[in-house]
Amino acid sequence: AHTGKLRVVVAENFWGSITRQVAGSKANVTSIITNPNADPHAYEPTTSDARLFAQAQYVVINGAGYDPWASRLLAANPVKGRRVLVIGDLIGKKEGDNPHMWYGPSYVKRVAAKITSDLTSLDRPDAGYFRKQHSHFINQALKGYFQEISYIKHISGGVPVGATESILVYMASALGLNLITPPDFM
């Protein structure tokens, strides 16, 4: 049922959490994949997922080959006026690139700013509210996160580290760590 709130659907809950915090009480935000053990690469969407995408005014997907099912759902049911944020496109990542962008603090900031901008475009009367929510998210909710990154960078910057997964790459850069693992091994 329509509640007067924006209908927002997000492919994965890590982006859904950011979207929910920026949207606050002005949107109903639904994340499709909420189980941390689910593999977004292999996820099989349900008819309920397709319905959510079809009814959404705003959809956020990771892109960069991480959630190909989400792109297929959008293509199968184009909706006039629906706004879509493909985070890989925003960041400049394509399939084959490291899709774990939520581990990059600068990427998180860019995504939060874009979500704020998109929500503002969809609901102009609540633009001030979304900007206030965005400011709180960046300056308060993430304050400890950024402080911890700064602290680790201060005490461990330049330390050589190895990784077995590409998931560490963006955070290692933010932490100032010297990632010595050859790219072909991740």
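Rings of Phe, Tyr and Trp (for Trp, its six-membered ring) are called a pair here if their centres lie within 6.5 Å; planes under 30 degrees apart count as stacked, over 60 as edge-to-face and the rest as tilted. By that rule, the structure you have open holds eleven aromatic pairs. Before you start clicking, note that this is a predicted model, in which local features need pLDDT of at least 70 and side-chain atom pairs count only at pLDDT 80 or more, while totals for chains, interfaces and linings use all residues. Residues are numbered from 1 along each chain as its sequence is written, and side-chain values use heavy atoms, with hydrogens and water left out.

**Stop 1**

Select Phe14 and Trp102. Their rings are stacked, at 3.9 Å centre to centre and with 25° between the planes. Now colour by secondary structure (helices are DSSP runs of H or I with at least four residues, strands are runs of E with at least two, and both are numbered from the N terminus). Phe14 belongs to helix α1 (residues 13-23), whereas Trp102 sits in the loop between α4 (87-91) and α5 (105-122), so the pair links parts of the chain 88 residues apart. For accessibility, buried means under 20% relative accessible area, exposed over 50% and partly exposed in between, using a 1.4 Å probe and protein chains only. Phe14 is partly exposed at 22%, and Trp102 is buried at 15%.

**Stop 2: two lysines over rings**

Next, pick Lys26 in the loop between α1 and β2 (27-33). Lys26 lies over the face of Tyr129, at 5.2 Å from the ring centre. A charge counts as over a ring if NZ of Lys or CZ of Arg is within 6 Å of the ring centre and within 35 degrees of the ring normal. Lys26 has a relative accessibility of 26%, which makes it partly exposed. Setting aside neighbours within four places in sequence, its contacts (heavy atoms within 4.5 Å) are Lys5, Leu6, Asp123, Asp126, Tyr129 and Phe130. To get a sense of scale, draw a distance from the C-alpha atom of Lys26 to that of Ile167: the two are separated by 32 Å. Then jump to Lys109, which lies over the face of Phe146 at 4.7 Å from the ring centre.

**Stop 3: the sheet**

Show the strands as a cartoon. In which order do the four strands of the open sheet run? The order is β2-β1-β3-β4, with parallel pairing. Two strands pair if DSSP finds at least two bridges between them. The edges are β2 and β4 (83-86), each of which pairs on one side only. On average, neighbouring strands are turned by 15° against each other, direction ignored.

Zoom in on β1 (residues 6-12) and β3 (residues 58-61), which pair in the parallel sense over three bridges. Val10 has Val60 of β3 as its bridge partner. On the other pairing, four bridges join β3 to β4, and Tyr58 stands opposite Arg83 in β4.

Now bring in the helices. Angles run from 0 to 180 degrees between N-to-C directions, with axes fitted to C-alpha atoms, for helices over the stretch in contact. Helix α2 (residues 47-55) lies across β1, β2 and β3 and runs at about 145° to β2. Helix α3 (residues 68-76) packs on the sheet too, touching β1, β2, β3 and β4, and its direction makes about 150° with that of β3.

**Stop 4**

Select Ala64 in the loop between β3 and α3. Ala64 has a positive phi of about 55° although it is not a glycine, and at 11% relative accessibility it is buried.

Thr120 is in helix α5 and is buried at 12%. Not counting residues up to four places away in sequence, Thr120 touches Ala127, Phe130 and Arg131.

Last, go to Thr181 in the segment after β6 (178-179). Thr181 is buried, with a relative accessible area of 14%. A polar atom of the Thr181 side chain lies 2.5 Å from the backbone nitrogen of Ala163.

How values were computed. Polar contact = N/O pair within 3.5 Å; in protein donor to acceptor, adjacent residues only side chain to side chain.
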